[in-house]
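The following exercises ask the reader to work from a sequence and a structure shown together. Each task is followed by a solution in steps.

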Amino acid sequence: MEDGNASARPRRATGRLCSICNQRKAALKRPKTLEQICRECFYSVFEDEIHSVIVDNNLFRPGERVAVAASGGKDSTVLAYVMSQLNCRHNYGLDLFLLSVDEGITGYRDDSLETVKRNEIEYGLPLKVVSYKDLYGWTMDEIVKTIGLKNNCTFCGVFRRQALDRGAALMEADKIVTGHNADDIAETVLLNILRGDIARLSRCTFITTGEDGPIPRCKPFKYSYEKEIVMYAYFKKLDYFSTECIYSPNAYRGFAREFIKDLERIRPRAILDIIKSGENFRIATSTKMPEQGTCVRCGYISSQKLCKACLLLEGLNRGLPKLGIGRTRGSNGVKKHVEHRNSNTEVSDSNLESKQCGTLNF
């Protein structure tokens with residue numbers, strides 16, 4: 001997540017020499033390894049580890065056009081800076097540009113986009129901004145007014161994912177890179193276990209996802225700790241936006257994040273161990289997995305006839321905002337899953353009063 005623990009400051013390890021170069025004074029203790037090292041060696045090992053992840057996993061090919069998902073937060077700002085540096089230093093041959101999503105959150109996203117615009121100038125990377133209002137006809141402020149503060153992160157997460165894909169497709173990108181770090185991935189493993197979401201659990205640790213979809217997504221920070229990203233941004237004096245989203249304090253993920261932080265304090269390697277556990281999960285061959293298809297309305301990848309974004313959008317436009325949310329109760333009071341659309345149901349666009357999900361044809 002972009003804003004978690006953004007106020008953290010590195011502990012200074014004074015009085016000792018750097019354990020790597022043995023020449024300069026140690027300036028910090030690495031959260032991942034607990035080594036006491038100087039700033040220069042920290043910059044070097046941090047960037048070299050990300051370069052190794054990129055090379056070892058063959059994330060890119062020369063000549064590819066790559067969209068850097070930029071929100072203005074610490075993760076995406078460090079990602080844009082490091083990708084720009086490594087692209088020049090190691091001659092990746094990538095055509096990089098910044099891609100931002102304007103969810104329409106007054107006092108939060110409008111301010112963070114100003115940070116992204118400054119990064120555009122400082123890093124020399126072109127910027128493309130796509131908005132919920134243009135794509136879906138709704139802003140998050142309008143959605144929250146309709147549904148309240150509960151479940152709003154569901155709408156935002158689903159819409160944001162598709163908005164990134166649609167913006168990248170509009171700019172003819174070959175790949176998207178995101179700032180998801182090791183903490184984020186460990187949280188996702190834990191959340192998918194708690195939810196019993198086998199389908200997502202089987203792929204949430206992949207360093208590249210969406211290879212069967214419109215545009216693959218890569219996570220160069222997969223093994224980078226959030227605390228080290230904060231340290232890097234702090235020591236490099238990078239310009240990033242550190243305010244938390246005004247609608248996210250009660251998000252379910254926040255509880256998983258606090259649990260992960262508690263584990264890290266006890267045992268720093270816990271984050272990497274959780275990721276490794278997720279990588280080693282095996283799904284029983286008898287488990288029925290959802291079949292991948294495409295949304296009949298907008299053409300986006302979906303295991304149902306309507307993708308989640310189209311379903312949520314239909315609910316908003318029909319004045320039924322809970323249409324695509326979780327579970328509901330039947331007439332007999334027993335909880336049941338709502339089958340909003342299935343293979344035997346005809347889908348009609350006549351119920352929609354505003355635009356359908358997305359404006360691009362996949």
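A salt bridge is a side-chain nitrogen of Lys or Arg within 4 Å of a carboxyl oxygen of Asp or Glu. In this predicted model, Lys74, Asp75, Asp183, Glu226 and Lys261 are linked in a network of such bridges.

**Exercise 1. The chain as a whole**

Task: Describe the confidence and the overall make-up of the chain, and state which region calls for caution.

Solution. 
Step 1. Begin with confidence. The mean pLDDT of the chain is 85, and 85% of its residues reach 70 or more.
Step 2. Where pLDDT is low, the predicted coordinates should not be read in detail.
Step 3. The chain holds 12 helices and 12 strands, and 51% of its 362 residues count as buried.
Step 4. Consider the range of the contacts. Among contacts with a separation of 6 or more, 71% join residues 24 or more positions apart.
Step 5. Conclude with the surface. The accessible surface comes to about 18,000 Å², and carbon and sulfur atoms account for 48% of it.

**Exercise 2. Salt bridges**

Task: How many salt bridges does a search of the whole structure find?

Solution. 
Step 1. The search of the whole structure gives 28 salt bridges.
Step 2. Take Lys175 and Glu64, whose side chains meet at 3.4 Å, N to O. This pair links distant parts of the chain: Lys175 belongs to strand β6 (residues 175-177), whereas Glu64 is in the loop between α1 (39-56) and β3 (65-69), 111 residues apart.
Step 3. Apply the cut-off for burial, which is under 20% relative accessible area. Lys175 has 10% relative accessibility and therefore counts as buried. Glu64 has 6%, so Glu64 is buried too.
Step 4. Take Lys222 and Glu279, which form a salt bridge of 2.6 Å, N to O. Here again distant parts of the chain are linked: Lys222 is in the loop between β8 (217-218) and α9 (226-236), and Glu279 is in helix α11 (residues 270-280), 57 residues apart. Lys222 counts as buried because its relative accessibility is 4%, whereas Glu279, at 29%, is partly exposed.
Step 5. Take Arg200 and Asp197, whose side chains meet in a salt bridge of 2.8 Å, N to O. Arg200 is partly exposed because its relative accessible area is 47%. Asp197 is buried, with a value of 18%.

**Exercise 3. The nonpolar cores**

Task: Which elements give two or more residues to the largest nonpolar core? Describe that core and one of its members.

Solution. 
Step 1. The largest nonpolar core has 42 residues, and those with the most contacts inside it include Phe42, Phe46, Val78 and Tyr232.
Step 2. The elements that give two or more residues to this core are α1, β3, α2 (74-89), β4 (95-102), α3 (109-123) and α9. Of these, α1 gives the most, with eight residues.
Step 3. Inspect Val78. Beyond four places in sequence, Val78 touches Phe46, Phe221, Ile229, Tyr232, Ala233 and Leu238.
Step 4. A second, separate core has 40 residues, among them Phe97, Val144, Ala168 and Cys245.

Key
Residues numbered from 1 in each chain as written. Predicted model: local features only at pLDDT ≥ 70, side-chain atom pairs only at ≥ 80, totals over all residues. Heavy atoms only, no water. pLDDT = per-residue confidence, 0-100. Helix = DSSP H or I, 4+ residues; strand = E, 2+ residues; numbered from the N terminus. Buried < 20%, exposed > 50% of the residue type's maximum accessible area, 1.4 Å probe, protein only. Core = buried A, V, L, I, M, F, W, Y, C linked by side-chain atoms within 4.5 Å. Contact = heavy atoms within 4.5 Å. Areas by Shrake-Rupley, 256 points an atom, 1.4 Å probe, with all protein chains shown as cover.
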